[in-house]
Structures are given as structure tokens and as C-alpha cells.
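Please work through the exercises below with the sequence and the model side by side, trying each task before reading its solution.

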Amino acid sequence: MADTRTTYHEQRDQNNTLRLRQLLKTLPSFSSDYFRAISNTTSTNTRISYAYDIRVFFDFLLKENPVYAKQSMDDFKLSDLDKIQPLDIEEYMEYLKLYKDNEENLTSNGERGLKRKISALRSFYTYYFKKQMIKTNPALLIDMPKMHDKVIVRLETDEVAKLLDYMEHCGDSLTGQKKVYYEKTKERDLAIVTLLLGTGIRVSECVGLDVEDIDFNNNGIKVFRKGGNEMMVYFGTEVEQILTNYLEYRKSITPLSGHEHALFYSTQRKRIGVQAVENMVKKYSSQITTTKKITPHKLRSTYGTNLYQETGDIYLVADVLGHKDVNTTKKHYAAIDENRRKLAASAVKLRES
């Protein structure tokens, strides 16, 4: 029998499509051509991010550029893009470091935020330039923000064990409502953290899982990667056991209408969200280490590090983590190779002591 359910990903894309249509009403009218053009090569999440980022650029022109001081968003014409100079975009980059949004809230961007917003603007300009609808592309004439490598924060092997042990047994010291809440969420929380540590999937992929996405015959889960690609990710016996325990507990939950297929539920009996998982990971991990800020992404890094240390196969790590470019993986895990090379210094003895 055909599966006629509307999946989480389909519903998310439908909601995002409606949200994007509303966002486009807050941008210059010619912007719709660009977003229509990239609809077949980008995800709905990406297009929404681009819409917000490009709107910031036009807001900047209205607020900071005297030429547009008396205009509104609706007054922008495609020909205005040709009036922008590289210096204007450099001023925009400086503006992005700290500015007030439309609600007068202070907003700041670090290196990654700057790069994302300039990348969005470059993509925007490039579309119209390639279509010969504008004559200039000043976004290509400025340097992209420099990105500094960050130290990979991850849990050590003993910390992983401590975290899982704590999650299993910390209820022994709880009383009252805290104990009731712990017992209510214990199996779910343990299953989520074990799954993240045992597969390296993204938190967005985790919350998007339906119960039908688990294949115990092959010990795999079907995930939707960035860009909408579908992929089977496999798990070991530890994950299998924890998931089995959770699914038994899950039978006792009566979900709200429309959430029947979700693998993981919130305490409101709806599909759990990314923020809830982030808060849960922070709550437990803070009891294990006070020097590391552990997030679901750090659990993903922990898995990637362990897999690379065990296999030494950077291409396998890139494939399992869903990195499109292996250089991304190499950059993140190069420090491990550096440590291995340092070991070589003491591995060879020139004289017996």
C-alpha cells in the first residue's frame, strides 16, 4: 500500500513556501525573478535565509545611503543595482557588524554571518548580471570576509560515557516534580543523545525523523540532508538497543493530531523542535563539563572525530556526515592528523636509553 502521509519535510517545505511569499512582499518587486530562478537548486530554508539577508541590504540602503533616504522598499528598481559601487558594499559590510533591525533590536554578525550575507548578495547580483539585466556586478569586486578556523569542541571518550551514565541515573537524586519530569522524558532524551552521538546526524535531521524512517532490518535511518537529498545512515547495537527501548515507551504517548508519525515528541505531544533538543543537551552536558559548551553540533563533531580516529578514512567521514566537499571535512579534522604527526616525534628512538 502506498505511503500517502505528508512527511515532516513536505509540510516544512509547504510552510516555508508560504512564508517566502510573504517575505517577498517586503522586498523590491524585481526580487521575485531571482527567487524563482534559484527554486530548483536550493532548499526552501536556504531561500528564506537569502530573503532575510537580501532585505537587510536594501534596509541598509534606505537607512544609510543618502541617495535612497526618501525612498521606500517599493521604490527600488532593477536599475538601482547598477548604481551601487564596491565602496557601498564595503560600507555595508561594516554596517553588518552592528546595526538595528526593523524592530530596533541591536543585531551583530561575526565572520560566518558576514560571509553568509555577502554570499547571498553575490548570488543575487550574479543572477541579474548573467541574465544581462544589469551591467555591473560590484559584489564580485570586494574581498570576502576572512574566516578563521575554530578549535573543534567535542567530548572525550570518558566524557561521552559520563554523559550517558548521568542521563540514565541522575533521576535517583531527584524528587517531586523534577523527578516526574525526568521519568517522563528520560527514554526520549537518552535516545536522542545516543542517536546524535552514534550517527553524527544534524539536529535538524534528528527532529525531522518519522518513526517509519527507522529500518531495524539494516540498522539504518533515512535522513534528509541539506538540499533535500535522501540518505541512509547506519547505527550500531548500542543505538539499536536505546531506540528499541524508546519505541516501547513511545507507545504510551497519544500524539496530537498531525504529529502521529514523528519519532520524537515534546512534552506537549507534538514533534520536538530544534530548540528543545539544544536546551536538553545543554542541561545534561553542563553537569559533565563546565569548560566546554556542548551543543547537538558538538555531539556531531564528537562522532566525526571518533569515526576518523577509528578508520583514518576522511572520505568515509565526509560521506557519513553529509559533507558535499571533502575539504570541509579535512579542515575540521586536520588537528587530529597534526596530533598523529606529533606522536611520530617520540615513536622513533635513535639510541636505546
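This is a predicted model: local features need pLDDT of at least 70, side-chain atom pairs count only at pLDDT 80 or more; totals for chains, interfaces and linings use all residues.

Residues are numbered from 1 along each chain as its sequence is written, and side-chain values use heavy atoms, with hydrogens and water left out.

**Exercise 1.** Determine how the axes of helix 3 and helix 4 are arranged, and which residues make the contact.

Solution. Begin with the elements, since helices (H or I, at least four residues) and strands (E, at least two) are DSSP runs numbered from the N terminus. The axes of helix 3 (residues 44-64) and helix 4 (residues 86-96) come within 11 Å and cross at roughly 105°; axes are lines fitted to C-alpha atoms, for helices over the stretch in contact, with angles running from 0 to 180 degrees between N-to-C directions. Helix 3 is therefore roughly perpendicular to helix 4, a term that covers 65 to 115 degrees. Next, with contact meaning heavy atoms within 4.5 Å, helix 3 contributes Asp53, Val56, Phe57, Phe60, Lys63 and Glu64, and helix 4 contributes Asp88, Glu91, Tyr92, Tyr95 and Leu96.

**Exercise 2.** Trace the pairing of strand 4 with strand 3 and with strand 5.

Solution. Two strands pair if DSSP finds at least two bridges between them. Strand 3 (residues 214-215) and strand 4 (residues 220-224) are antiparallel over two bridges, with Ile214 bridged to Ile221. Strand 4 also pairs with strand 5 (residues 230-234), again in the antiparallel sense, over five bridges, and here Ile221 stands opposite Val233.

Conventions:
Angles under 35 degrees count as roughly parallel, over 145 as roughly antiparallel, 65 to 115 as roughly perpendicular and the rest as oblique.
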